[in-house]
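Have a look at the model first.

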Amino acid sequence: MTYTVNASILLTDLPLTERPAAVAAHGFTRAEFWWPFAGPVPEHGEAAAFVAALHDAGVQLTGLNFYAGDMPAGERGALSQPERTEEFRANVAAVVEIARETGCRAFNALYGNRVPGVPEAEQDTVAVENLRWAADAVAPFGGVVLVEPVSEAPDYPLKTAADALAVIDAVGRENVKLLADFYHLAVNGDDVAAVVEEHAADFGHVQIADAPGRHEPGTGDLPVGQWVRRARELGYEGLVSLEYVQSAPDPFAWLPREQRA
């Protein structure tokens with residue numbers, strides 16, 4: 001397998017600019033992040049410091065979320081919310097700048113929670129327009145926009161692979177793909193094995209965690225390894241992201257060091 005570490009859910013005891021070195025110290029050479037800045041556009045010097053930390057550690061940035069709002073407060077994206085289009089598109093420009101500095105090519109576009117009082121059809125129309133905007137912005141350098149079903153967010157409308165695939169079809173861009181987070185899909189009751197069988201070759205990205213608990217593989221009941229191996233057999237050639245909450249002193253003890261880089 002080719003792994004990447006999500007250093008926005010792991011290694012969070014460290015400041016942002018120290019996490020790439022920690023990823024390297026654990027034997028990995030790739031990392032991904034949720035949007036790591038407070039606002040849609042980084043403050044002066046923030047992006048440069050982030051990029052420098054990656055370069056200094058010799059860690060390749062493999063994925064970056066678009067701005068998703070205040071995630072600790074429950075927000076899960078801005079792109080479907082009509083009043084936030086300008087905010088989202090300003091963030092796309094900031095993401096493109098970081099991508100050009102780092103070689104990052106995968107960008108997770110969280111859809112956004114439903115906005116009370118705004119017709120759902122209007123929110124979906126805005127989402128399609130903004131996803132097209134983002135896809136066109138990253139296309140010149142081979143970027144892919146990822147659409148993800150999410151669990152534990154009642155107002156987030158994309159809960160199954162079918163929900164996300166319907167949006168992807170509506171967008172109609174070849175570089176917009178499904179982010180198959182096996183944890184979210186399983187927790188939401190989706191048939192993950194069937195999703196793998198039907199769509200693995202078209203996955204844009206895979207993320208893993210066990211359930212219950214969203215911890216390391218082997219701590220719960222999900223056949224995560226089996227799903228990943230089957231996805232590989234069916235043509236998925238991308239990275240496997242370790243996107244889980246640490247439950248042991250060494251969050252990577254389950255994975256032999258020689259398999260990490």
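**A helix pair and a barrel**

So, α7 and α8 are roughly parallel to each other, because angles under 35 degrees count as roughly parallel. Before I go on: this is a predicted model, where local features need pLDDT of at least 70 and side-chain atom pairs count only at pLDDT 80 or more, while totals for chains, interfaces and linings use all residues. Residues are numbered from 1 along each chain as its sequence is written, and side-chain values use heavy atoms, with hydrogens and water left out.

Back to the pair. Helix α7 is residues 192-199 and helix α8 is residues 224-233; their axes come within 9 Å and cross at roughly 10°. Axes here are lines fitted to C-alpha atoms, for helices over the stretch in contact, with angles from 0 to 180 degrees between N-to-C directions. Helices are DSSP runs of H or I with at least four residues, strands E with at least two.

Who touches whom? From α7, Val192, Ala193, Val196 and Glu197 meet Trp227, Arg230 and Ala231 of α8, contact being heavy atoms within 4.5 Å. That set splits into five nonpolar, no polar and two charged residues, counting Ala, Val and Trp among the nonpolar ones and Glu and Arg among the charged.

Now the barrel. Eight strands close it in the order β1-β2-β3-β4-β5-β6-β7-β8, with parallel pairing; pairing takes at least two DSSP bridges between two strands. The twist averages 30° from one strand to the next. Take β1 (residues 3-6) and β2 (residues 30-33): they pair in the parallel sense over two bridges, and Asn6 stands opposite Glu32 in β2.

Definitions and conventions
Angles under 35 degrees count as roughly parallel, over 145 as roughly antiparallel, 65 to 115 as roughly perpendicular and the rest as oblique.
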